[in-house]
Amino acid sequence: MRTIFAALALATALTLPGMAMARPVTLAATLKSYGGNGAYLAIYVTDPKGAYAGSLWVAGTKSKYYEHLSDWYRATGGNTAEINGITGASVGAGRRLEITLDLADALFDAGYTVHIDAAAEDMRDSPNEIAVPLTAQGAGQSVPGRRYIANFSYDL
Amino acid sequence: MIRALHRWLGLPALVLVTLLAVSGTALSVFPAAERISAPQAEQAMSVADLAARIKAAFPEVEQIRRSPSGRITAYWFDGGTPASAVIDPATGAATASADPNPVQRWLTNLHRSLFLDDAGRIAMAAGAAAMLVLAISGSMLIARRAGGWRRWFAPLRGPLAGRLHVELARGAVLGLLLSSATALWMTASTFGFLPDKAVVPELPSGVSGTTDAPLASMPLLAATPVSSLRELSFPNPGDATDVFTLKTDGGIGYLDQGTGATLGWAGLSGWTRVSETIYMLHTGQSAALLGLFLGLTALAVPVMGATGLLLWLTGLKGRPRIRDNAAPGCAETVLLVGSEGGSTWGFAATLHSALTRAGQRVHTAPMSAFDPGRFSGARRYVVLAATYGDGDAPASAKGFLDRLAGLSAAPAARLAVLGFGDRSFPAFCAYARAVAAAAEGRGWPLLLPFESVDRQSPQEFARWGLALGAALGIDLELNHLPVRPEVKELMLVSRRDYSDDVQAPTAILRFALPSLSAWRRLTRRGFARFEAGDLLGIVPEASPVPRFYSLASGSRDGFLEIVVRKHAGGICSGELMALEPGKTVAGFIRPNPTFRLRRDRVPLVLIGAGTGIGPLAGFIRANTSRRPIHLFFGMRLPGSDFLYREELEAWAAAGRLSSLSTAVSRGARPRYVQHALTAEQLEVVRAIREGARVMVCGGRQMAAGVAEALTRILEPLGLSPAILKAEGRYVEDVY
């Protein structure tokens with residue numbers, strides 16, 4: 001269990017009217033026991049057109065391995081300035097990651113989607129492991145991932 | 001300086017470096033195993049063919065990877081469940097599980113981070129750095145000891161631990177340099193210190209929006225051979241805007257899933273290429289043989305660690321600590337020591353501390369470390385040199401004369417040479433004299449004329465100290481207390497007396513093994529492990545200077561046996577000859593590796609006279625493998641000093657002794673042992689032809705007579721004692 005408070009990560013990435021209104025959101029992901037080293041995760045948001053909008057969290061500190069978070073890496077070019085202050089340790093198999101951060105109200109029910117790319121050493125890259133729309137209604141609902149994540153949810 | 005660095009880095013790093021090496025050796029097996037087990041693609045196969053085959057077998061394929069060993073792995077979804085397998089490129093079918101090997105993963109994590117993540121990575125990187133410095137400093141020490149880089153593989157002398165340490169290092173150092181240097185690069189890369197980040201092409205802005213182009217129609221896939229493939233990622237099913245991503249050993253590109261057109265390409269940067277090559281070198285991926293070689297060289301590390309530790313402990317005991325040793329560059333007096341057994345170091349330590357007390361900056365070093373370039377502040381040199389054998393350089397002086405001869409000019413700082421030796425040897429201080437003569441020949445100015453110290457005489461040393469002090473204009477009082485070796489009380493259990501009638505009483509004395517500490521038994525040093533031919537030092541009550549006797553037994557025999565002849569006025573032999581069973585003397589073991597039985601099967605020609613039969617009898621006693629041994633033994637009168645007569649008969653009957661020829665020097669027809677050799681020369685020649693080794697033990701005159709006789713006997717073979725000596729087939733222990 002880890003709880004991290006990241007402040008207004010998206011405020012710098014997104015310039016939308018009404019950004020001043022924000023609420024704390026808790027993102028929680030539990031990993032499967034996939035039998036490998038700690039997983040790297042990139043949690044980010046795309047806009048209604050599917051374009052990269054900004055990063056929420058990256059688990060894993062060695063930028064050398066970021067290329068395996070392939071969708072996120074392609075969108076950001078692995079630019080570490082993009083995730084300054086919102087990185088933490090990789091998440092071991094069977095462990096749980098929990099982050100609390102302030103997300104702008106305007107992102108909810110507006111066609112934005114939360115994505116997670118995942119990868120572990122010597123195992124498959126799993127871009128788009130999770131893709132869930134950000135809606136007020138979807139809060140608290142658990143979604144399974146494709147390869148590494150047993151379930152993911154966000155709580156308002 | 002280099003030695004100090006090597007030692008003081010090596011000791012604390014021992015555990016870490018050993019852990020790195022052992023885990024590295026274990027890991028080195030995996031790439032080779034993978035290379036053997038993985039089905040390989042045929043030469044001309046393209047990525048398009050391979051991808052099509054796999055797509056046919058696994059329609060939901062997501063990614064295809066090729067490891068440097070040639071192993072191809074596919075990842076796909078099977079009705080929503082992720083699956084993966086090693087693929088046979090010939091059929092596209094799965095052949096084996098692609099799950100990472102848990103043992104390999106465990107070892108890898110131990111090897112690179114001790115399971116401690118970043119802290120562990122830093123610790124292991126420090127271990128690798130230590131290994132790198134140890135390899136470099138060790139190489140410099142080997143070169144210095146051998147007398148130059150060109151003599152890297154020069155034969156070694158000395159105790160087993162030291163030889164093993166250097167022997168292994170000479171073979172393994174290249175691999176260790178490569179392993180440790182690449183490890184540091186990889187750590188730097190992991191921590192992001194190197195600009196070797198993967199570069200990806202700009203995200204394609206316009207895609208066709210269509211899907212399902214046949215893989216075979218994609219020009220880039222058709223043009224890329226499987227051998228250069230790294231990874232092919234398929235687009236997300238149901239996402240028409242996604243693309244194929246192809247990684248090869250040349251770069252990364254995107255392909256349109258509807259048209260197959262190449263949408264962007266970025267080549268690998270130079271840094272990335274270097275990092276990949278280094279990764280390959282370190283892990284042995286795609287170079288399994290190199291990996292195995294590195295693993296094998298790493299295996300030498302634990303042995304070098306253990307022998308290094310042993311060397312340090314031995315040095316700690318055998319050599320006094322030099323306190324306040326000034327750095328070589330700023331010392332005004334440079335003290336160079338040529339010592340074989342360590343006693344000369346004791347004198348050096350006394351001189352060093354006296355000079356230091358007189359306000360001098362003194363640097364003390366072995367003579368083999370002589371290098372005027374390093375002693376830039378030197379105003380005078382003092383050489384204290386013992387002699388090995390017949391005038392050879394002692395262990396710590398090897399290469400000194402070569403270095404002196406190799407200088408463009410002798411140093412301007414003046415020189416004093418003091419020799420240490422024993423006047424009863426004809427080659428008294430021969431090596432020190434050779435040094436003094438060579439220095440004079442090079443025009444090296446003298447501070448003091450050559451002097452010598454007989455049998456570690458503190459008085460002679462003090463007298464020379466006064467002369468040195470006068471030359472320097474200081475009061476120099478040298479109070480040298482010889483370092484007493486660590487002795488044990490040895491109890492005489494039995495004695496056999498011979499030759500009362502030839503005015504030279506001789507006896508075979510047998511002592512019980514002393515009780516030993518667990519540490520001694522564990523390190524198998526001193527009395528815990530000795531062999532016939534090693535020396536037993538006896539410290540008589542009346543003198544602190546030990547006398548040495550060749551051992552006629554090994555530790556396996558369970559007793560200590562020596563042969564002693566009473567010398568007129570001899571302090572030590574007098575005490576020993578008067579010793580009664582049950583009484584004790586103080587003694588210690590000094591290894592004598594040059595005069596020992598080697599572990600081979602070649603015949604031996606053993607030649608000895610008088611008490612010289614001691615170690616030879618020990619060799620025959622130990623000859624359980626029944627190699628052919630021919631013994632030539634010279635005595636005075638068979639009735640009085642036929643030492644070991646009964647044993648020799650028993651050993652001959654048991655097959656441990658092939659032939660015995662004796663010579664009797666008193667009587668009607670006086671004969672010496674060399675006459676017996678000449679009489680049996682056919683036998684001797686035959687043995688030499690079969691590769692026999694000659695071992696001579698006894699008085700100096702006898703040894704000279706034997707060498708002369710053998711010169712004549714060997715001449716028709718085109719051989720000589722000198723040639724055999726150079727081959728290690730002719731060894732002497734003379735006194």
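Colleague: Which residue is the bridge partner of Gly634(B) in S22(B)?

Modeller: That is Ala663(B). Before we go on, this is a predicted model, where local features need pLDDT of at least 70 and side-chain atom pairs count only at pLDDT 80 or more, while totals for chains, interfaces and linings use all residues. Residues are numbered from 1 along each chain as its sequence is written, and chains are lettered from A and ligands numbered from 1 in the order in which they are written.

Colleague: What makes S21(B) and S22(B) a pair?

Modeller: Strands pair if DSSP finds at least two bridges between them. S21(B) and S22(B) have six, in the parallel sense, so they meet the definition. The names S and H stand for DSSP runs numbered from the N terminus: strands (E, at least two residues) and helices (H or I, at least four). Chain B has 22 helices and 24 strands on that count.

Colleague: How do you know that S20(B) pairs with S21(B)?

Modeller: By the bridge count again: six bridges join S20(B) to S21(B), and the two run parallel. Leu604(B), for instance, stands opposite Ile629(B).

Colleague: What is the strand order of the open sheet with parallel pairing?

Modeller: The five strands are ordered S22-S21-S20-S23-S24 in chain B. Strand S22 (659–664) and strand S24 (730–734) each have a single partner strand, so one side of each lacks a neighbour in the sheet. From one strand to the next, the twist averages 10°.

Colleague: Why is S21(B) called largely enclosed?

Modeller: Buried is the label for a residue with 20 or more other C-beta atoms within 10 Å of its own (12 or fewer is exposed, anything in between is partly exposed, and C-beta atoms are placed from the backbone). Seven of the seven residues of S21(B) are buried, so the rest of the structure largely encloses this strand. Ile629(B), Leu631(B), Phe633(B) and Met635(B) point one way, and His630(B), Phe632(B) and Gly634(B) the other. In a regular strand the side chains alternate between the two faces of the sheet. For chain B as a whole, 41% of the 735 residues count as buried.

Colleague: Which strands does helix H21 of chain B lie across?

Modeller: Helix H21 (residues 700–714) lies across S20, S21, S23 and S24 of chain B, at about 150° to S23(B). Axes here are lines fitted to C-alpha atoms, for helices over the stretch in contact, and angles run from 0 to 180 degrees between N-to-C directions.

Colleague: Why is Leu107(B) called partly exposed?

Modeller: Leu107(B) has 19 C-beta neighbours inside 10 Å, so it counts as partly exposed. This residue lies in helix H4 (residues 102–113) of chain B. Its contacts, leaving aside neighbours within four places in sequence, are Ser23(B), Ala26(B) and Leu27(B), where contact means C-beta atoms, placed from the backbone, within 7 Å. Leu27(B) is 80 residues away along the chain, with a C-alpha separation of 6.8 Å.

Colleague: And what makes Ala53(A) partly exposed?

Modeller: Ala53(A) has 19 other C-beta atoms within 10 Å, which is why it is partly exposed. It lies in strand S4 (residues 52–59) of chain A.

Colleague: How many residues does each chain bring to the contact?

Modeller: Chain A gives 21 residues and chain B gives 19. H2(A) supplies the largest share of chain A's side, four residues. By class, that side has three nonpolar, nine polar and nine charged residues. Nonpolar covers Ala, Val, Leu, Ile, Met, Phe, Trp, Tyr, Cys and Pro, charged covers Asp, Glu, Lys and Arg, and the others, Gly among them, are polar.

Notes: Contact = placed C-beta atoms within 7 Å.
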